[in-house]
Amino acid sequence: MKKLPYLEVEFKKDGSIHKPKISDVIELIEKKKLTDLFIISHGWNNDIKEARDLYASLMDLLATELQSSSFQSRSFGILGVLWPSKKFTDEELIPGGGAASLAKKSEKQKLLDAIKSLKNSFDKTGSALILDDAKKAAQKLNTDPDQASKDFVAQMAKLISGIKGKSVEPEDKGAREFHKEGAKSLLIRLQDTTTKTVTSKNRGGAASVSPAAGGISDGFQGLFEGARNLLNYVTYYQMKERAGTVGKEGLAPVIKEIKKTYPHVRVHLIGHSFGGRLVTSAAANVGKGSIDTLVLLQAAFSHYGFAQNYSNGDDGMFRAAIATQKIKGPVIITHTHNDKAVGKAYAIASRVGRQTGSFLGGPDDLYGGMGANGAQITPEANNDFILSNQSKYDFKAGEIYNLKADNCIKDHSDICKKEVANVVALAIQ
């Protein structure tokens, strides 16, 4: 962050501030005489360095956009949010050659490695011991598949039960009920999260053809793959709830204090991945008009997050942020099915919830994601624009803009683009 004043605020799992004090944020605004504050949050990251690298790359691009004459009377600063999150344990989502190295491993070893990597990721007391028991069960999936499947699913149910979130999103139903069905059939259904049709050669072991699964691996490998997808689902669920908690209990109070002390300072929220859920949760828990713009970059939460009556009278989890006008200006959402992470998360959720359809994770899927499809069943949603260098935008306050990003964003974290910085600059004008 060479071009704009920058301060970090680090939150604990429960949303409380680890460091610095809120007074330090207020001091930054006062000392630098800021008129505008960008608050940006990362999503699933293993370490702080990844978050800082993301912030530096994106905000340096934005700083260049802000050199326009239309911003000369304004002074900008950045508040970088750091919170304890965790990546999916999927080789396709690991940067830096992870896919190539993991592809050489057996499905069993991938599952065991995933369990080990998540040892300190869950909030439930005794979660390390639960994962130890899950590992023991995983090691027996190829020798005693029926009992091992029951044992593994039981441990995943224990982890889910320790997540104390109060959200009412579509995937919550699957989280409460997945352990009620046959464990082995669940893992078989979860081994493939695409809609392709695969005919099993039935080489023995656990292989079989099931109408519930889109494609089935031969032998016992499919059970290991299904178990790893279930572990991913539980990990996703934990991080989803934690992001909401940090937004509501941590970031929202910071924003309230900023607006109380400096009511005329413009607050612009930017969230990537689960960070999109974090900043949206914060926006839903502040006063009317407290947020000037909200930008969601490949956000990892339900595409019904802002929906009005998407199912049997249910509104989206964050509908109040729109309905009660917590956000003054436009809401910008990038979305693309190039995003394997969001697509994978919601395809797994669909399988857990026994959802069927022509395209798992698509706009008609109950379990679709914001970063894949944009805001669905949302009266304020505008689909007139795409994300590109050639696009001409006409953003209006109170509207939500679903920007299809197929030609610009090529994967989940491919957001540090001039096109993205340009959209943010135009949104805050």
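Which residue in β5 is the bridge partner of Phe38? Let me start there, and please keep in mind as I go that this is a predicted model. The partner of Phe38 is His268, and this pairing belongs to a set of six bridges that join β3 to strand β5, residues 266-272, with the two strands running parallel. Strand β3 also has six bridges to strand β4, residues 76-82, again in a parallel arrangement, and there Ile39 has Leu79 as its bridge partner.

Now, how enclosed is β3 itself? All six residues of this strand, 36-41, are buried, so β3 is largely enclosed by the rest of the structure. In a regular strand, the side chains alternate between the two faces of the sheet. In β3 both faces are covered, with Asp36, Phe38 and Ile40 buried on one side and Leu37, Ile39 and Ser41 buried on the other.

Let me turn to the nonpolar cores. The largest one has 92 residues, and those that touch the most other members are Phe152, Leu230, Leu251 and Phe306. Helix α9, residues 221-261, gives this core its largest share, 17 residues. A separate core of 36 residues lies apart from it, and Phe38 is among its members, as are Leu82, Ala421 and Val424.

Finally, I would like to look at His412, which sits in the loop between β9 and α14. His412 counts as buried because its relative accessibility is 6%, under the 20% cut-off. Its side chain makes a polar contact of 2.8 Å with the side chain of Asp339, and, beyond its neighbours within four places in sequence, His412 is in contact with residues including Trp44, His272 and Gln298.

Definitions and conventions. Residues numbered from 1 in each chain as written. Predicted model: local features only at pLDDT ≥ 70, side-chain atom pairs only at ≥ 80, totals over all residues. Heavy atoms only, no water. Helix = DSSP H or I, 4+ residues; strand = E, 2+ residues; numbered from the N terminus. Buried < 20%, exposed > 50% of the residue type's maximum accessible area, 1.4 Å probe, protein only. Polar contact = N/O pair within 3.5 Å; in protein donor to acceptor, adjacent residues only side chain to side chain. Contact = heavy atoms within 4.5 Å. Core = buried A, V, L, I, M, F, W, Y, C linked by side-chain atoms within 4.5 Å. Pairing = 2+ DSSP bridges.
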